[in-house]
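Subject: the structure you asked about

Hi,

Here is the structure, for you to open alongside this note. My notes on what turned up follow below it.

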Amino acid sequence: MYYDDLPLWGFLGKLDKDKEQGNAKYLLFKHIHFDIMYNGDRVIEINVQTDPNVAVDITEDKEVQVEFSYSVTWKKTDIPFEKRMEKYSKSSSMPQHLEIHWFSIINSCVTVLLLTGFLATILMRVLKNDFIKYSHEDESLEDQEETGWKYIHGDVFRFPQQKSLFAAIVGSGTQLLALAIFIFLLAIVGVFYPYNRGALFTALVVIYALTSGIAGYTATSFYLQLEGTNWVRNLILTGCLFCGPLFLTFCFLNTVAIAYSATAALPFGTIIVIILIWALVTSPLLVLGGIAGKNSNTEFQAPCRTTKYPREIPQLPWYRSTIPQMAMAGFLPFSAIYIELYYIFASIWGHKIYTIYSILFIVFIILIIVTAFVTVALTYFQLAVEDHEWWWRSVLCGGSTGIFIFFYCIYYYHARSDMSGFMQTSFFFGYMTCVCYGFFLMLGTVGFRASLLFVRHIYRSIKCE
């Protein structure tokens, strides 16, 4: 339970096993006692106890009338309100927890350094050789066979299919990245403390609403750079791309919670407030961002001219197709955040409290760096075999970590959690699917942006006729 944002734990009953007869008795406690310590008008500490002597036997499968009671003892304390959370911080920052945390951080950092160093060395050497080779080929073009990434320079900046959807993904992903960074900064500064879940969810809703202008500006300006014509439709798509599935999921889960008479159901007033925020803040900011993006008049920076007809992509082995590449791209970033995921899941769906936001922020930065590097490497290998359709591939490879996180959700549900029943299952998978989808959009945008920078850089470095 939570009282004044303080979590408290207690037993509802107990299982009495008779070793001689092998019978088991299920006892439900009827009386709960609360010990509350206060300073002035603020609650500082709360503990709960149950009385095993006041219990009712519910072993038999029949209806039992139970009268519950509780008692409260109020005690004065000198502990100031600012220090009331230290007790919980100590339990979540126990030496073994911190050791595992720091071990995972060091492990991730070493992985990142090795990976980035390895990729940077390979790419620098390979690109250096490519640049030397291509500069010599300018002198003796007749003797050389046309292979490699230079020869698709007329196709590499050919705009992708489904421009509107592509621009909407980039816009939504940029907004979610901004949202994540703002939340981390607020958590690290200590604007809201992590034990108050309500404050965290409120911050998520408000910051998502305030950052919708970023999505509108990014999506519209990029869509117009891709020579799109219907920017209004693109703006509507951007607004609905993440909000739409989230809203539908929320409606379904809230209906389930109401049907089960659960406290997880949001009251009608709160739903009205959320709709008003969406109507009065999110939508106007999205439109303003879209108008600003339309008026920015930036052109797409392409170092090479695009040919009229696309070059044919050669037949490639199976492991160079999209799904194997996505599996390769998602595994490394996921392995960097795997240990931290367990603690996050235990705090969201379990009874642990997550307090070490600084470590989480480092892990998040590592995730962004690894995603960018892996996607750039795969984009280079794709261009080297003259496959010029890298736009969508970079988004799918970057975002594939979200799919790995979803598989981890399935593993966590079956192996680590004690959840069962329709309501718990639908809540867990409903909200976690939305989170994984958000990760897909955000990391897909990171992968595409990194690949675009890289592709522009290498084609700017060679002479293209």
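Helices (H or I, at least four residues) and strands (E, at least two) are DSSP runs, and their numbers start from the N terminus. Keep in mind that this is a predicted model, in which local features need pLDDT of at least 70 and side-chain atom pairs count only at pLDDT 80 or more, while totals for chains, interfaces and linings use all residues. Residues are numbered from 1 along each chain as its sequence is written, and side-chain values use heavy atoms, with hydrogens and water left out.

Strand S5 (residues 31–39) runs parallel to strand S8 (residues 69–76), and eight bridges join them. You can find His 31 opposite Ser 69 in S8, and Met 37 opposite Lys 75 in S8. With strand S6 (residues 42–50), S5 pairs in the antiparallel sense, again over eight bridges. There, Asn 39 stands opposite Arg 42 in S6. The hairpin of S5 and S6 has two residues between the strands, and Gly 40 takes a positive phi near 65 degrees in it.

A further open sheet has three strands in the order S3-S4-S7, with antiparallel pairing. Strand S3 (13–18) and strand S7 (55–57) are at the edges with a single partner strand each, so one side of each has no neighbour in the sheet. Neighbouring strands of this sheet are turned by 30 degrees against each other on average, direction ignored. Six bridges hold S3 and S4 together as an antiparallel pair, and Gly 13 has Leu 28 in S4 as its bridge partner. Leu 28 also stands opposite Val 56 in S7. Strand S4 (residues 23–29) and S7 are joined by three bridges, in the antiparallel sense, and Leu 27 has Asp 57 in S7 as its bridge partner.

On the overall layout, the chain is divided into domain 1 (2–91) and domain 2 (95–134 + 147–461), with bounds from an automatic or database domain assignment. Taken over C-alpha atoms, the centres of domain 1 and domain 2 are 42 Å apart.

Next, the aromatics. Rings of Phe, Tyr and Trp (its six-membered ring) pair if their centres lie within 6.5 Å; planes under 30 degrees apart count as stacked, over 60 as edge-to-face and the rest as tilted. By this rule there are 41 aromatic pairs. One to look at is Phe 300 with Trp 391: the ring centres are 5.7 Å apart and the planes are at 35 degrees, so the pair is tilted. It links distant parts of the chain, 91 residues apart, with Phe 300 in the loop between helix H7 (268–295) and helix H8 (322–349) and Trp 391 in helix H10 (residues 391–416).

On a 1 Å grid over the protein atoms alone, a cavity is a set of points where a 1.4 Å probe fits but cannot get out, and a pocket is an open set with protein on both sides within 12 Å along at least five of seven lines; lining residues have an atom within 4 Å of a point. Grid points are joined across faces, edges and corners, and a volume is the space filled by probe spheres set on the points.

There is one cavity of 30 Å³ or more, and the largest cavity has a volume of about 40 Å³. Its lining includes Leu 316, Arg 320, Phe 381 and Asp 387. Helix H9 (residues 357–384) gives the most to that lining, with three residues.

The second largest pocket holds about 270 Å³ of space. It is lined by 13 residues, and Arg 158, Phe 159, Pro 160, Gln 161 and Glu 389 lie nearest its centre.

Cheers

How values were computed
Pairing = 2+ DSSP bridges. Axes fitted to C-alpha atoms, helices over the stretch in contact; angles between N-to-C directions.
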